[in-house]
Amino acid sequence: MMKKTYKIEVDCANCANKMEEAAKKTEGVKDAIINFMALKMKIEFQEGYEPDTVMPQVLKNCKKIEDDCEIFF
């Protein structure tokens with residue numbers, strides 16, 4: 001099982017919670033945890049999914065609910 005940490009940019013804790021939920025619902029993501037104070041997102045990927053293909057979709061899903069958020073991958 002693969003886990004990776006990404007730097008994120010988001011304005012408020014509530015927005016970070018929404019981003020976390022959006023990431024969790026993305027295909028290929030087993031779990032997602034955001035540390036708002038550290039501006040970090042930990043993603044645990046499902047077996048057989050590559051971070052390089054999953055992360056653009058995670059960002060897309062996050063931007064649907066929090067337009068000015070950013071994930072650096």
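Biologist: Is glutamate 44 buried or exposed, and what is its relative accessible area?

Modeller: Buried means under 20% relative accessible area, exposed over 50%, and partly exposed in between (1.4 Å probe, protein chains only). Glutamate 44 has a relative accessible area of 14% and is buried. This is a predicted model, in which local features need pLDDT of at least 70 and side-chain atom pairs count only at pLDDT 80 or more, while totals for chains, interfaces and linings use all residues. Residues are numbered from 1 along each chain as its sequence is written, and side-chain values use heavy atoms, with hydrogens and water left out.

Biologist: How many salt bridges are there by the rule?

Modeller: Side chains of opposite charge can pair when their charged atoms come close. A salt bridge is a side-chain nitrogen of Lys or Arg within 4 Å of a carboxyl oxygen of Asp or Glu. The count by this rule is four.

Biologist: Which residues are linked with Glu44 in a network of salt bridges?

Modeller: The network links Glu44 with Lys3 and Lys30. Between glutamate 44 and lysine 3, the closest N and O atoms are 3.8 Å apart. Glutamate 44 is in strand E3 (residues 40–45) and lysine 3 in strand E1 (residues 2–9), 41 residues apart; strands are DSSP runs of at least two residues, numbered from the N terminus. Lysine 3 is exposed, at 62% relative accessibility.

Biologist: What is the N to O distance between glutamate 44 and lysine 30?

Modeller: That salt bridge has an N to O distance of 3.7 Å. Lysine 30 is partly exposed, at 49%.

How values were computed. Helix = DSSP H or I, 4+ residues; strand = E, 2+ residues; numbered from the N terminus.
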